[in-house]
Amino acid sequence: MPSIYKIKLTLLALLFAAGIYSQTGSLKGTVTDSAGRPVYAASVMLTVPPLSDNTDLNGIFVFEQIPAGKQTIVVRFIGCRPETRTVEIIANKRTEITIALKPDTRVLGGVTINGIQSISGMGHLDEVHDGIIYSGKKNEVIILDSLAANTAQNIARQVLGRIPGANFSETEGGGFPSNGIGFRGLNPTQSVEADTRQNGYNIAGDIYGYPESYYLPPLEAIERIEVTRGASSLQFGPQFGGVINYVVKSAPENKLLEYTTEQTAGSFGLFSSFNAFAGTYKAFSYYAFLQYEGVTGWRPNSEIQQATGFVHVDYKPTPKLKIGLEYSSLRNILHMPGGLDDAEFNADPHQSYRARNWLTTPWNIIALTAQYKPTDKTELTLKSALNLSQRNIVWRNEDGGAGAIDSISSGTKAYAPREVEHEGFQSSTSELRLLTRYTIAGVSQTLAAGVRVFSGYMNREEGGPGSTGIDFDLNLYGGTYSNNLNFTTFNMAPFVENTFHLGTRFSVTPGVRYEYIKSTATGYVTTDADSIMYVNESKTRYIPLAGVGLQYKLFATTNIYGNISQAYRPIEYSFQYPLGLDVNAKIDPNLKDITGYNADLGWRGTVRNYLNFDIGAFYLVKNNEIAIETLAGPNQTTYTYETNVANAVHQGLETYVELNIMKLFTDHSPIGTLSIFNSFAYDDANYVSGLYKGNLAAFAPLTIERVGITYAVRNFSTTFLYSSTAKSFSDANNTVFSPDAEVGIIPAYQVMDWSAMLKIKNYQLKFGVNNIADEKYFTMRTNEYPGPGIIPSIGRSFYIGFGAKF
């Protein structure tokens with residue numbers, strides 16, 4: 001009998017389960033923007049049971065076999081407000097709905113905030129964005145309009161400082177306003193470890209041989225900054241430091257002409273004038289700006305004059321095709337006050353002993369972009385950029401270090417002749433990308449593939465006999481260049497990645513990339529013994545790279561991510577000399593390329609509208625790391641030697657937490673809102689082999705922390721920022737002191753900034769104080785320009801700006 005009862009109970013349970021299972025239906029939805037256009041790659045989450053999907057190119061999502069009755073779905077997309085909808089599911093039928101998203105333009109005390117899974121400034125990209133897979137990748141997005149920061153001077157820590165571990169080389173105190181950035185203990189000088197882009201294309205001089213960018217778009221023109229770290233190499237390139245992409249503002253959809261102006265004045269003769277024009281007419285849209293910036297300088301001999309221009313025109317003949325053309329221009333004259341030694345810096349960091357050093361970097365970038373959607377699930381994009389630029393310098397060179405006096409000779413009654421250098425860049429970069437969606441067993445999958453082709457030429461002329469004058473003069477007097485070198489690079493790199501969704505929560509994204517690089521160096525150099533050495537070198541590399549990313553959605557707005565990918569850095573043009581040319585700074589003629597990998601594991605997301613977080617760990621390996629070591633020379637002298645010093649491991653934690661305290665209790669506080677963020681990085685970066693095993697890696701602070709507090713009420717917002725960076729060293733020896741100050745310790749420093757913004761209708765007023773406590777610090781030692789020696793960072797300064805939009 002018991003067995004019969006068991007059989008009956010089992011049958012009843014099966015029948016009951018079958019009855020429940022039969023009470024299911026399906027849901028098909030279309031997501032559009034406020035203009036009725038389909039929204040691609042929006043995140044759609046069903047709460048019970050927990051299911052998720054992304055919309056296709058037609059804005060469509062589908063859920064099958066979901067329980068009948070009332071169901072709640074949440075739709076999220078970058079730049080739009082999250083939309084929650086309750087839907088009645090009917091058994092054995094398909095329910096169809098349309099959801100129109102609204103732009104997230106909530107006014108938080110006068111600051112326009114664009115929703116990007118963030119609260120008031122920083123968030124992360126969704127799984128797919130602009131034809132690129134970001135699933136499982138460590139990335140951050142900073143929305144400029146949501147920050148009350150000093151954008152007129154491109155104060156990096158006030159904007160990019162929210163990114164954990166961002167380390168800056170502040171060079172404006174040396175008359176050089178293009179500050180560099182590095183992550184995870186990598187060299188921040190001129191952002192050489194990162195791939196710097198504008199609107200998705202490269203803007204550096206040469207992506208391999210000379211990865212420095214003297215042009216950066218003014219922050220007043222930027223809509224957002226996208227930073228991809230860790231496994232960025234598969235779709236962007238092999239660099240260790242990831243990608244920084246400055247996305248310029250676009251045209252308004254329904255206005256023929258929109259004019260924006262921002263006028264800023266401040267300490268040390270600062271004047272910045274930014275003016276932009278934008279509009280749309282039928283199938284055409286445009287955005288253009290012109291910025292002029294002039295500064296007399298915090299130090300003597302540090303004047304800056306520069307003009308930056310940009311024009312972008314889009315043509316959209318059909319809903320499937322859009323073609324764009326862009327031109328970016330930079331013209332400048334920079335007066336460089338030189339570096340200081342430690343005693344000079346400690347006595348007075350304002351002083352200058354160089355009055356005859358000048359730099360100009362005319363930059364020209366022409367870009368063609370195209371986007372084509374042949375089907376509702378496939379997208380092709382092309383970004384092609386032509387760079388025609390220069391770097392020219394006339395200076396009293398680095399010989400003798402910072403302590404060498406540049407004065408009028410008592411014998412000749414004139415200054416010593418200066419040195420003239422010229423570098424010319426001609427390069428083209430084209431990236432063609434394909435993104436397509438398909439299904440396996442009814443589950444949406446994403447494939448991304450493409451190829452990059454790069455061709456670059458650089459001419460470097462050094463040691464030209466310059467004038468004995470003090471003004472900007474690039475003419476040669478009585479001779480020719482002592483070094484004249486021509487460098488070329490050709491690169492072709494196909495890549496492919498695929499996101500496999502295993503169920504509704506878990507995805508795996510494997511990928512491969514293959515780099516073909518051929519570089520040449522020809523010309524001549526003058527050795528230390530004043531003999532001519534001819535150069536004719538060529539090197540070809542074949543580099544396969546692989547990686548994989550993982551992502552698991554815990555809830556609708558949070559996920560766990562992890563990835564690992566190989567990375568690679570070839571030696572630069574400046575390392576291809578057969579011999580060192582400066583008696584105080586030499587280069588190993590047998591340098592090897594750097595290889596290694598990046599790995600990330602983290603948890604990120606948002607909790608309603610009051611908490612935004614990203615907590616992760618990283619592990620970075622660099623084999624054959626290139627750095628400076630300090631060696632003993634003749635007669636008790638020392639010199640720097642750039643070589644493969646060791647293998648290095650960078651490991652640590654990166655955390656970002658942003659809490660809107662008022663939003664914990666109410667969405668509409670009558671006394672305003674108060675938000676706090678903390679950006680923290682712990683980086684244990686050490687050499688793990690060779691002579692310097694156990695030493696800290698060069699330019700790698702152990703900790704970097706920034707805390708910001710923003711209060712906003714009605715049309716006013718104000719932000720206080722505290723930044724703290726631990727000590728680091730500029731060479732592999734971990735030298736604390738050197739007489740010429742070209743290597744040594746970079747002491748820990750703390751800086752406080754305050755900024756505010758008042759917005760009334762179409763007008764806004766910005767004002768603030770940089771370096772409130774007038775901290776005396778520096779972030780850079782160098783054996784070349786803008787030094788040599790210590791480059792002081794700028795002390796306390798004030799600014800005020802007026803803006804309007806019509």
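Ile 470 is partly exposed, with a relative accessible area of 44%; buried means under 20%, exposed over 50%, and partly exposed in between, judged with a 1.4 Å probe on protein chains only. This is a predicted model, in which local features need pLDDT of at least 70 and side-chain atom pairs count only at pLDDT 80 or more, while totals for chains, interfaces and linings use all residues. Residues are numbered from 1 along each chain as its sequence is written, and side-chain values use heavy atoms, with hydrogens and water left out.

Ile 470 sits in the loop between strand S29 (443–465) and strand S30 (483–502). Helices (H or I, at least four residues) and strands (E, at least two) are DSSP runs, numbered from the N terminus. Leaving out residues up to four places away in sequence, Ile 470 touches Ala 355, Arg 356, Trp 358, Tyr 415 and Arg 418; contact means heavy atoms within 4.5 Å. Ala 355 is 115 residues from Ile 470 along the chain, yet 6.7 Å separates their C-alpha atoms.

Gln 158 belongs to helix H2 (residues 156–159). Gln 158 is buried, with a relative accessible area of 10%. Its side chain is joined to that of Asn 770 by a polar contact of 2.8 Å. A polar contact is a pair of N or O atoms within 3.5 Å; within protein, one must be able to donate a hydrogen and the other to accept it, and residues adjacent in sequence count only if both atoms are side-chain atoms. Beyond its neighbours within four places in sequence, Gln 158 is in contact with residues including Leu 147, Leu 721 and Asp 753.

Strand S1 (residues 24–32) pairs with S7 in the parallel sense over seven bridges, and Thr 32 has Ala 100 in S7 as its bridge partner.

Another open sheet has four strands in the order S3-S2-S5-S6, and its pairing is antiparallel. Strand S2 (residues 43–46) and strand S5 (residues 69–76) are paired over four bridges, with Met 45 opposite Val 74 in S5.

Further along, S24 and strand S26 (residues 363–375) run antiparallel and are joined by ten bridges. Leu 368 in S26 stands opposite Leu 325 and also opposite Ser 384 in S27. A hairpin of two residues joins S26 to S27.

A search of the whole structure finds 16 cavities of 30 Å³ or more. On a 1 Å grid over the protein atoms alone, a cavity is a set of points where a 1.4 Å probe fits but cannot get out, and lining residues have an atom within 4 Å of a point. Grid points are joined across faces, edges and corners, and a volume is the space filled by probe spheres set on the points. The largest cavity has a volume of about 440 Å³. Of the 36 residues lining the largest cavity, those closest to its centre are Asn 154, Pro 177, Ser 178, Asn 179 and Leu 216. S24 gives the largest share of this lining, three residues.

Key. Two strands pair if DSSP finds at least two bridges between them. On a 1 Å grid over the protein atoms alone, a cavity is a set of points where a 1.4 Å probe fits but cannot get out, and a pocket is an open set with protein on both sides within 12 Å along at least five of seven lines; lining residues have an atom within 4 Å of a point.
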